[in-house]
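Subject: Structure for your review

Dear colleague,

Please find the structure below. My notes on its helices follow.

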Amino acid sequence: MSVRSLTPFDRLLAGLERAMEAVAGSPEAQRRSPGDRVPDAPLNDAERRHAAGLMRINHVGEVCAQALYMGQAALARTDETRQHLLHAAQEETDHLAWCAERLKQLDSRPSLLNPVWYAGSYAIGVAAAAVGDPISLGFVVETERQVEAHLAEHLERLPAQDDRSRAILSQMQKDEVRHADAAQARGGIDLPFPIPGLMHAASAVMKAVAYRI
């Protein structure tokens, strides 16, 4: 039995399906949510809203990660780099599903601006990949390092008794560290000034908006 090679049109359709799933669908995780193993402690209204705001930010972060990786994979120079990016995107799908599930448990919803976050991140991924694989992989390294830092912040800011959300974010943090290390090992280079600072500023705006909207 022969294996059919994917055409650019096939990849376009797959990308559109992935985008709709990330923005408005219910992505299916391949790994069980770490939160499932933790009892769900009661939260008062203020604590629940705060936890939901933080988890909405992290859900947006995973929407952006999906878009970023897919944009980078679309213009990757080598098949090896493309497969690496697609594999990382699949693990980020787990994170997306975990955050979506936790938002439902907190009687909340994802960001209403997810289509905007996805489109912007996809464009950034395409632009990074157009420069070349070392810069593209370096972009992965810097992104994951910044995500790791903001997850550490959220672990401190969650309500003290919200161990279910904390378990999810802890596993996500471990995965992000691994993604950054893998991208660096594959040749990712340090991004030139002022790109890391601009990325941090854009992330700060996203977090401020996504917490509420």
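At what angle do H3 and H5 pack, and how far apart are their axes? H3 and H5 pack at an angle of about 20°, with their axes 11 Å apart; axes are lines fitted to C-alpha atoms, for helices over the stretch in contact, and angles run from 0 to 180 degrees between N-to-C directions. That makes H3 roughly parallel to H5, a term for angles under 35 degrees.

This is a predicted model, in which local features need pLDDT of at least 70, side-chain atom pairs count only at pLDDT 80 or more, and totals for chains, interfaces and linings use all residues. Residues are numbered from 1 along each chain as its sequence is written, and side-chain values use heavy atoms, with hydrogens and water left out.

Helices are DSSP runs (H or I, at least four residues), numbered from the N terminus. The contact of H3 with H5 (heavy atoms within 4.5 Å) involves Thr81, His84, Leu85 and Glu92 of H3 and Asp133, Leu137, Val140 and Glu144 of H5.

Just after H3, Asp107 takes a positive phi of about 55°.

Helix H5 (residues 133–157) also packs with helix H7 (residues 195–210), at an angle of about 45° and with the axes 11 Å apart.

Yours sincerely

Definitions and conventions. Helix = DSSP H or I, 4+ residues; strand = E, 2+ residues; numbered from the N terminus. Parallel < 35°, antiparallel > 145°, perpendicular 65-115°, else oblique.
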